[in-house]
Amino acid sequence: MWENLLLGVSTALTPTNLLWCFAGVVLGTVIGLLPGMGSATGVAILIPLTLTVEPVTALILLAGIYYGAQYGGTITSVLLSTPGEAASVVTTLDGYQMARQGRAGAALAIAAIGSFAAAILSLILLAALAPPIAQVALRFGPPENLAVMVLALVTMVVLSTGSTLRAAAMACVGVLIACVGIDAGTGQARYTFGSINLLSGIPYVEVVIGLFAVGEVLHQIRVGGARPIRAGFRDLVIRRSDIRDSAGAIGRGSLIGFALGTLPGAGSTLASFLAYGLEKRVSRNRENFGRGAIQGVAAPESANNAAANANFIPTLTLGIPGGATTAVLLGALTVYGIQPGPLLFTEQPELVWGLLVSFFIGNVILLVLNLPLAPVFAQLLRVPYGLLYPLILVTSFVGAFAIDNNFFSVVLVLIFGFVGYGMKRLDLPMAPLVVGVVIGGLLEKALVQSSAIFDGNMWLLATQPIAVVILLIAAAMLTAPLLARHRAGRKEHADVR
């Protein structure tokens, strides 16, 4: 292993590869800033430009765009409540509230620190555990993936602020939105109302931009735009106590992100939601979540960065993409004439380990670039909101249009903007709805495939040990609060008597 690491260091530290790594993370940050762009789109656009360089150099650039976009999406999530990257959606829940309280710099700084720490931890695990973890990941078929999706939905419902019933209803609405388009089982169109634009479904990015960005603008216009934040420089800088309070969240988020990132299809978005849910569960101050808890930024940011690195385990060792962006990167590997799979580590160690070491270098560059600039980014909040609102709207609509060069995307953003505004008026939780939209398609696909495996007899799911364990965890999470309330009610009734 040490010989491979030294080979990777010698490959990644060449001037050419260092330059392309720097260019990748900078481009990735910019791409992450643009709502609707996303790392997958950025990587796909730039693949043709890399055909004239060595494969390892090209992959270093494209991978830099991948994890650079994770942080770029965080900046707009915190400052504008506009997720530039899908995995940054959950960061808006507490990051934007911190910004409104004058602590935007601290939120961006802890995001950078958490992402860096998660990258280091996940890279150590990646280097040590890639082959054995790939073998474990092979055991996750449709039944196990179905159980993971159910656990994700239950987690967000149980840990959502306010009424559990409302949260469950919103999760169901999210799954229904994800059902629009072509039926995964029959291939028939459904809920499209004759619209050609809906045949491919309602894209997740348009939903998120509308709910969070446009919905927030409409809400702020209604309440009468708040004054620009005039926080002092000290308020914008992260404190030692912030790092101490976030250490546990960063560690737990990193482990969750790495574990989910090794599973094909799970992706960093699901990891960020589950990390946020766990942190809310174990926190002593869970009532602060959704109101500006710094742990609510540290946990999901650590998780999505760790998952982004772990996504390369199934991609490189099995040839199975861990997420949307790694699916694009998998296509790039074939363009470069590289066959991913178990033999890649032995046949082309220079490429594999050079790429892995470049992850570390790229995250160091991101930390050095973004940590000092966090207070500078936060100064954007000093702009009067009357000027900021048009900027948010224009950025949102242009970003949505740029996804498919289709005006229908802009219409969707506007529609879900009014939906988000209505949800704020009615105090309905957005997180369960977003999770439902994110995993609805994956849930249905896993359900259809599992049904096919079991010939329609879903009771046979009980014969899959891993799936059973995951479902039991979900059931325990769902019933534990109900039992606790029942016991509290009985105790109160006994005290009254």
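Which residue forms a salt bridge with Arg190, and how far apart are the closest N and O atoms? Asp183 does, at 3.0 Å. The legends below take this and other spots in turn.

**View 1. The whole chain, a predicted model.** Residues are numbered from 1 along each chain as its sequence is written, and side-chain values use heavy atoms, with hydrogens and water left out. Since this is a prediction, local features need pLDDT of at least 70 and side-chain atom pairs count only at pLDDT 80 or more, while totals for chains, interfaces and linings use all residues. The chain holds 21 helices and 2 strands (DSSP runs numbered from the N terminus: H or I of at least four residues for helices, E of at least two for strands). Of its 497 residues, 53% count as buried; that label means under 20% relative accessible area, with exposed over 50% and partly exposed in between (1.4 Å probe, protein chains only). Take contacts (heavy atoms within 4.5 Å) between residues at least 6 apart in sequence: 79% of them join residues at least 24 apart.

View 2. The mean pLDDT (the predictor's confidence in each residue, from 0 to 100) is 78, and 82% of the residues reach 70 or more. Where pLDDT is low, the predicted coordinates should not be read in detail.

**View 3. Asp183, Arg190 and Glu444, linked in a network of salt bridges.** A salt bridge here is a side-chain nitrogen of Lys or Arg within 4 Å of a carboxyl oxygen of Asp or Glu, and the whole structure has 4. Besides pairing with Asp183, Arg190 forms a salt bridge with Glu444, with the closest N and O atoms 2.6 Å apart. Glu444 sits in helix α20 (residues 431-453) and Arg190 in strand β2 (residues 189-190), so this pair ties together parts that are 254 residues apart in sequence. Arg190 and Asp183 are both buried. The relative accessible area is 16% for Arg190 and 15% for Glu444, which is buried too.

View 4. Glu279 is buried at 4% relative accessibility, whereas Arg252 is partly exposed at 34%.

**View 5. Glu301, buried with no salt bridge.** You'll find Glu301 in helix α13 (residues 295-310). The nearest side chain of opposite charge is Arg103, 16 Å away (Lys and Arg count as positive, Asp and Glu as negative; His and the chain ends are not counted). What Glu301 does have is a side-chain polar contact with the side chain of Thr74, at 2.6 Å. Such a contact is a pair of N or O atoms within 3.5 Å; within protein, one must be able to donate a hydrogen and the other to accept it, and residues adjacent in sequence count only if both atoms are side-chain atoms. Leaving aside neighbours within four places in sequence, Glu301 also touches other residues, including Gln70, Ser88 and Ala111.

**View 6. Tyr276 and Phe289, an edge-to-face aromatic pair.** Rings of Phe, Tyr and Trp (its six-membered ring) pair if their centres lie within 6.5 Å; planes under 30 degrees apart are stacked, over 60 edge-to-face, and the rest tilted. The count comes to 1 aromatic pair: Tyr276 and Phe289, 5.5 Å centre to centre with 75° between the planes. Tyr276 lies in helix α12 (residues 267-282) and Phe289 in the loop between α12 and α13, so the pair ties together parts 13 residues apart in sequence. Both residues, Tyr276 and Phe289, are buried.
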